[in-house]
Structures are given as structure tokens and as C-alpha cells.
Amino acid sequence: MTMRTRTLGTTGPQVSALGLGCMGMSALYGEADRAESIATIHAALEAGVTLLDTGDFYGMGHNEMLIGEALRAAPAARREQALVSVKFGALRDPDGGWSGYDGRPAAVKNFAAYSLQRLGVDHIDVYRIARLDPDVPIEETVGAIAELVEKGHVRHIGLSEVGADTIRRAAATAPISDLQIEYSLISRGIEDEILPTTRELGIGITAYGVLSRGLISGHFTADRQLGAGDFRAMSPRFQGDNLRHNLNLVEALRKIAEQKGVSVAQIAIAWVLARGEDIVPLVGARRRDRLTEALGALDVTLDAADLTAIEEAVPPGAAAGDRYPAAQMAHLES
């Protein structure tokens, strides 16, 4: 496996072709092993992964502290290569509930101060609000991040899960490095308006959910029992007939993967990699074996015939069910 690099838009940093999304190490996908999580971060850094993605609300700060611990224990050279992307703004309560989003300038700076402390770093490489605050113009939120950039607390400004109009307004306020948004074989909504807009403006894409929360990893089964704290227990795509339909898509994809001698996860990640040099997939591996599998996608070459076969097996719009429950879909612009 040879780690390639890509650039987050025209204003962002150069990063590894794959990034590591660390959310599952702290929240929303059931219990995770702390030691294994740290070992997985170290293995990712050793393999040449430079982009680590987190959110200050993942486990109410737990994920940032976990990454901070992993960075402190990493060799100096690996620690220095790490670039940390942080999402902020999602409000939580002590019971783990969600209370909306806060993009006020004062809140932006407050969130950043706590993230810097938890991570144990002197700057955040990419900083972005997790979802648009409907009560605060994006210009004000981005303007506050731009002030943090001027002071050296943040290096680059990102966006997350916003539509084309918001992207344009944000980019008119300050340089935007990239947009983090869900993109996979079964989540292709960005292709109509959002991706053309980011490409016009020179903004990169950090693609999360490339395996659709494990749904198209090739490892998820219809009889899997999900805990009460697992997001997938409430996700429409993992319910009843939707799940059975979606797993049939996975089996169609498995046939193509087997013909190429690779895993389902590897071909799904390779498909995202093939969508353009401006797209950096985030893999949500919580264990070293899953990380190794994901990194293997870098060695998968998809030719025109492969891409045609994949598109026929999993055409746009083929998935059953929304990617979030209705209440959360209401917060998405895309």
C-alpha cells in the first residue's frame, strides 16, 4: 500500500488520500475499546494517514481527549504529521440528548478554546460548524472562524452538511478549504448541485459515511443486534424491509468485489476515491483490522468496465430509507 496525498481545495492543506474519522471510538456505534482505539490511531499515523476527524460533541469531549492522548503517545514525527479537523456547534445535554446548533461568534470562540485544551494542541487545522445554525447567518459563523485563523488558533476553515447557496455565501466571506458531507455509493445527493459548486469554487470534499455506517462494508448482517446507544438502531436504512433491500445491494456489489479479489468495503471506498482528486474519503475504522482493510482500497484500481458494473449494481437512488431519522434530516441542507 502506497499512501497518496490530496489537497483540501485550493486553500486547504495537503492531506493523505484517506482520512480517519474517529467518531465511532467515542459515540453512536456502541461500545469501543479505548486501548484499541488509540492503537488504531497510531497504526493510521504509521501508515501515512495524516487527517484525523473529530467533533467536540462526540462523547461530549471524549473523542477530542482520546485523540489528544493518542497524539501525546505517538512518536514526534507522526504527531507532527497529524492534521486535526474539528466540528463544533452541536449542543448536548447530560443525558446525551441533542439540543440544536449554536453558530454565534462568541460561541464559536468558546467552543474552540475548549477543543484546543482537550486536544492538547496550539491550533486546529480545519474548523467547521457541524450543521448550519438557522438563527445565525453563515457569514457571522465563518467570520468568527476567520478571526481565529488571524490569531493562529485555526489554520483552515471548513463547512459541513450545507447546500450550494450557503457554500457560496461562506466562500464570499472567507477562504473555505473543504466541505465535509456524506458521500458514498448509496448517498449521492451531492452530485447534482453541491459537488459542481465546490468544484467551481475550488473547495475540496471530505467524504464521510463512505461505507454508510457499515451498511455497505460487507460485514453487516440482517440479524445483527444493535444496542440502544447505536445510531443505526434508529437509522431508516437499517430498519426492516429497508435493511433487507439495502443488503441485497451489498450482495450485488460483493460479486464485483470477488471478481477483482478485493473486499466489499475496499471496492466501496475505491469508488469514492475514483470520483475525483478533490475528494478525501474518511474511514471510520475503530479497530486495526478494519483500518488495514480500508487502507487496502488505495491499491484497488477501477477501470471503466468496473465503474460501469458498480453503477449497474448500485445505481443512484437505489438505497431504501433516508440517511438520518426525520428529525435530523430537518437540519440538513443537502
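In helix α8, the residues L243, N246, L247, L249, V250, L253, I256 and A257 are buried (under 20% relative accessible area, with a 1.4 Å probe and protein chains only; exposed is over 50%, partly exposed in between). They sit on the same side of α8 because they cover an arc of only 160° around the axis, the arc being that of the directions from the helix axis to the C-beta atoms. An α-helix has 3.6 residues a turn, so residues three or four places apart point the same way.

This is a predicted model, so to speak of local features takes a pLDDT of at least 70, side-chain atom pairs count only at pLDDT 80 or more, and totals for chains, interfaces and linings use all residues. Residues are numbered from 1 along each chain as its sequence is written, and side-chain values use heavy atoms, with hydrogens and water left out.

As for the rest of α8, the helix runs over residues 240-260, 21 residues in total, and reaches 31 Å from its first C-alpha to its last, close to the expected 30 Å (1.5 Å times one less than its number of residues). Helices (H or I, at least four residues) and strands (E, at least two) are DSSP runs, numbered from the N terminus. The face turned away from the buried side of α8 carries exposed D241, N248, K255, E258 and Q259. Cover for the buried residues includes α9 (264-273) and α11 (304-313). Just after α8, G261 takes a positive phi of about 75°.

Over in strand β3 (residues 19-21) there is G21, which counts as buried at 15% relative accessibility. Leaving aside residues up to four places away in sequence, G21 touches D53, L282, V283 and G284 (contact means heavy atoms within 4.5 Å).
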